[in-house]
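I opened a new page for this protein today. My plan is to look up the whole first, then its parts.

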Amino acid sequence: MNYLLWIDDEIELLRGHLLFLEKKGYHVTTATNGHDAIERCQEQSFDLILLDENMPGLSGLETLQRIKSIAPSVPVVMVTKSEEENIMEQAIGQQIADYLIKPVNPIQILSTLKKNIHQREIVAEVQQTAYQQDFGKLSMQIDDCRTVDDWKEVYRRLISWELQLSESDASLKEMLAMQKQEANRGFSRFVQRNYLSWLEKSDDRPMLSPDIFKTTIFPPLNDGQKVFLIVIDIFRYDQWCVIRDELADLFTFDENLYLSILPTATQYARNAIFSGLMPNLIAKMFPDLWVDEDSEEGKNLNEAPLIKTQFDRYRRRNTFSYHKVNDSQAGERLLHELPNLMQHDLNVVVVNFIDMLSHARTESRMVRELANNEAAYRSITRSWFRHSVVGELFRTLAQTDCRVVLTTDHGSIRCSSPIRVVGDKNTNTNLRYKLGKNLAYNAKEVFEIKDPLRAQLPAPNLSTTYIFATGGDFFAYPNNYNYYVSYYRDTFQHGGISLEEMLIPLVTMQGKRR
């Protein structure tokens, strides 16, 4: 049962309304003045309070202020004869839940109760019914996917349902998780069938990492616009969806998804973005800028020089700056430099927070508890963005004429199923892809590339093979297998083939208030 408090100096005239609400299952306590109402609030808790604005003695607004100090989270609905704008503004400023003009009818009251008390359960029930009805259609759509655009649409629908059903019962979320696994199996088969052929026909393929500058950065530069390219490492589409809500009042969006190259790892995908080249060509044309897997050197230290190689190759005279934001101090320095950066045609900003969060979640039990599922992972991303200097950067850029491009190099997937693999001491450590000359594995469980040059990947040795995990799989060595599996199971990893890693956001935005 829900408990209501109705405060009105003419409460006797509302007996019909009270009887109506009692028949609907509400327990209504009444008060005829502000002092009695405050006393009632001190004695018991209510689910909602209906408050007359015009009462003798303590006014409705004064009563509202006192009630909010006692029970700040209880929704208060102001009921008044007055339509004066200043009274409405004062009431709204004190965070009323709703505003009704007398005379009110029972249906109006019931409507505001449903909106303010029962909205979550009503929405959840409607969404659950809608997903159950959509389940079969979505399964058929997964089976019918033939193109990258088909998979983009499926992925968008799955993420939309994941966001809507984040607070639903466990059985429904499990049903959606199984459907997402089904989609990932289909998507992995699709990539394995088509990936190499995409690389062979550069003019007729989906947008890949090396295409970003040519398709998205150069055109606005050609039009004389200044561009900010912001690359958030390991940034997934679902994380973009929650950040989008934070930016909706500031920007208009042109939202797209593109395909990360394989491996879906920084060394390969991000370097391909900045150079406009596939990894084997970077290693061949600019050997001093390519870092081999077995090198102790950082894999992303040459990003600014790689951008310059792409500008030189296309004979572009645009000026650019490059910045990496690894912590709040670097972000503060960037904000401080912003007026000076406006002289450049292009400013590139790489943000590493989500990469650090992913690693911290693997290594820290506390962080894993804080981000124990997909919804929590998104929530931390939203909270970080809202309160970080990166969020402030976007809010500042919204006031300028700059074109802002937000993207990433690859996403990540929550891994659950180990696959045994054996390699020598030179095999790389990534859990989602391996390369080496002496790999032992079950070929049916992986996507294998025995001719790296065909996949436009460097081949350190003549017999180098690349293998990629698909879906939620991850590679584990037989040595100390159980410890290794328990440590890495349920962590977010990248490097392989999945919707989450490969279909990633590419968003062009323009400030609304410029």
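My entries follow, from the whole chain to single strands.

**Ground rules**

I am working with a predicted model, where local features need pLDDT of at least 70, side-chain atom pairs count only at pLDDT 80 or more, and totals for chains, interfaces and linings use all residues. Residues are numbered from 1 along each chain as its sequence is written, and side-chain values use heavy atoms, with hydrogens and water left out.

**Entry 1: the whole protein**

I looked up the elements and found 20 helices and 18 strands. Helices here are DSSP runs of H or I with at least four residues, strands are runs of E with at least two, and both are numbered from the N terminus. The C-alpha atoms fill a box of roughly 90 × 55 × 40 Å along the principal axes.

How much of the protein is buried? Of its 514 residues, 53% are. Buried means under 20% relative accessible area, exposed means over 50%, and partly exposed lies in between (1.4 Å probe, protein chains only).

Next I checked contacts (heavy atoms within 4.5 Å). Among those with a separation of 6 or more, 73% join residues 24 or more positions apart.

**Entry 2: Lys214 and its helix**

I found Lys214 in helix α9, which covers residues 212–222. Is Lys214 buried, partly exposed or exposed? Lys214 counts as partly exposed because its relative accessibility is 43%. Leaving aside neighbours within four places in sequence, Lys214 touches Pro219, Gln310 and Tyr314. I also looked at Ile273, 59 residues away along the chain: its C-alpha atom is 9.7 Å from that of Lys214.

Several residues of α9 are buried, including Phe213, Ile217 and Leu221. Just after α9, Gly224 has a positive phi of about 85°.

**Entry 3: an open sheet**

I traced five strands in the order β2-β1-β3-β4-β5, with parallel pairing. Two strands pair if DSSP finds at least two bridges between them. Which strands are at the edges? They are β2 (26–31) and β5 (98–101), each pairing on one side only. On average, neighbouring strands are turned by 20° against each other, direction ignored.

I then zoomed in on β3 (residues 48–52) and β4 (residues 76–80): four bridges join them, and they run parallel. Ile49 has Val76 in β4 as its bridge partner. Helix α3 (residues 60–70) packs on the sheet and touches β1 (2–7), β3 and β4. Its direction makes about 175° with that of β4. Such axes are lines fitted to C-alpha atoms, for helices over the stretch in contact, and angles run from 0 to 180 degrees between N-to-C directions.

**Entry 4: strand β9**

I looked up β9 (residues 346–351) and found six of its six residues buried. In a regular strand, side chains alternate between the two faces of the sheet. On one side of β9 are Leu346, Val348 and Val350; on the other are Asn347, Val349 and Val351. Both faces are covered.

Which partners does β9 have? Strand β6 (residues 227–232) pairs with β9 in the parallel sense over six bridges. Val227 stands opposite Leu346 there. Strand β8 (residues 320–325) also pairs with β9 in the parallel sense, over six bridges. There, Tyr322 stands opposite Val348.
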